[in-house]
Amino acid sequence: MIEELLKNKNLKQTKQRIEILKIIEQLDLDASKKNIIENTSIDKSTVYRTLDTLLNYNIIETSINHKNELYYVIKQEHKHYIRCIKCHRKKEIDICPVNEIKDSDFKIITHKIEIDGICQSCEKDG
Ligand SMILES: [Zn+2]
Ligand SMILES: [Zn+2]
């Protein structure tokens with residue numbers, strides 16, 4: 001699946017790219033630059049370069065996690081999630097609120113939406 005992300009963008013499937021994408025996937029919300037470097041034997045400058053390439057090709061994007069850290073995430077097809085601020089469970093929502101925005105001055109090209117909430121089971125636990 002990770003190999004396909006590279007193939008779809010006509011990017012060479014190098015060992016480093018595949019490894020870094022796997023680490024990003026495993027670390028999930030903790031995939032900060034620092035944690036990625038700590039979890040690989042690939043040297044720092046190659047990690048930086050690889051992250052830049054993956055960002056430029058829109059294979060990954062950055063977001064801010066619950067610890068207020070910048071982290072990397074594999075770009076999903078157009079989907080939005082609501083996230084529990086306590087257990088960090090994510091649930092897909094099936095609409096895109098941005099579709100409702102109709103502005104004559106701007107054509108929307110891209111957007112990021114972060115929706116935080118408290119899931120039912122966490123709310124019960126108080
Ligand atoms: Zn929860
Ligand atoms: Zn959307």
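Which residue in the turn of the hairpin formed by E1 and E2 has a positive phi? Keep that question in mind as we walk through this model, which is a predicted one.

Let us start with the overall layout. The protein is divided into two parts: domain 1 covers residues 2-74, and domain 2 covers residues 80-124. Taken over C-alpha atoms, the centres of domain 1 and domain 2 are separated by 23 Å.

Now for the opening question. Strand E1 spans residues 60-64 and strand E2 spans residues 70-74; five bridges join E1 to E2, and the two run antiparallel. One place to look is glutamate 61, which stands opposite valine 73 in E2. Between E1 and E2 there are five residues, and the two strands form a hairpin. The residue we were looking for is asparagine 68, which sits in the turn with a positive phi of about 65 degrees.

Next, look at the nonpolar residues. In soluble globular proteins, nonpolar side chains tend to be buried together. Here the largest nonpolar core has 11 residues, among them Leu5, Ile20, Leu21, Ile24, Ile60, Tyr71 and Tyr72. Helix H2 (15-27) and strand E2 each supply at least two residues of this core. H2 gives the most to this core, with three residues.

Helix H4 is our next stop, at residues 44-56. How does its length compare with what its 13 residues should span? At 1.5 Å a residue, the span should be 18 Å, and the end C-alpha atoms of H4 are 18 Å apart, so the two agree. Just after H4, asparagine 58 takes a positive phi of about 60 degrees. Within H4 you will find leucine 55. Leucine 55 counts as partly exposed because it has 14 C-beta neighbours inside 10 Å, while a residue needs 20 or more to be buried. From C-alpha to C-alpha, leucine 55 and lysine 75 are 9.4 Å apart in space, and they are 20 residues apart in sequence.

Strand E3 (residues 80-84) and strand E4 (residues 90-93) pair in the antiparallel sense over four bridges. You can trace this pairing at histidine 80, which stands opposite isoleucine 93 in E4, and at arginine 83, whose bridge partner in E4 is lysine 90. E3 and E4 also form a hairpin, with five residues between them, and histidine 88 in the turn has a positive phi of about 65 degrees.

What about strand E5, at residues 115-117: does it run parallel or antiparallel to E3? E3 and E5 run parallel, joined by three bridges. In that pairing, isoleucine 82 has isoleucine 115 in E5 as its bridge partner. Put together, these strands make an open sheet of three strands in the order E4-E3-E5, with mixed pairing. The edge strands are E4 and E5, each of which pairs on one side only. Direction ignored, neighbouring strands of this sheet are turned by 30 degrees against each other on average.

Terms used
Residues are numbered from 1 along each chain as its sequence is written. Chains are lettered from A and ligands numbered from 1 in the order in which they are written. This is a predicted model: local features need pLDDT of at least 70, side-chain atom pairs count only at pLDDT 80 or more; totals for chains, interfaces and linings use all residues. Two strands pair if DSSP finds at least two bridges between them. Domain bounds come from an automatic or database domain assignment. Axes are lines fitted to C-alpha atoms, for helices over the stretch in contact, and angles run from 0 to 180 degrees between N-to-C directions. A nonpolar core is a set of buried Ala, Val, Leu, Ile, Met, Phe, Trp, Tyr and Cys residues joined through C-beta atoms within 7 Å. A residue is buried if 20 or more other C-beta atoms lie within 10 Å of its own, exposed if 12 or fewer, and partly exposed in between; C-beta atoms are placed from the backbone. The expected span of a helix is 1.5 Å times one less than its number of residues.
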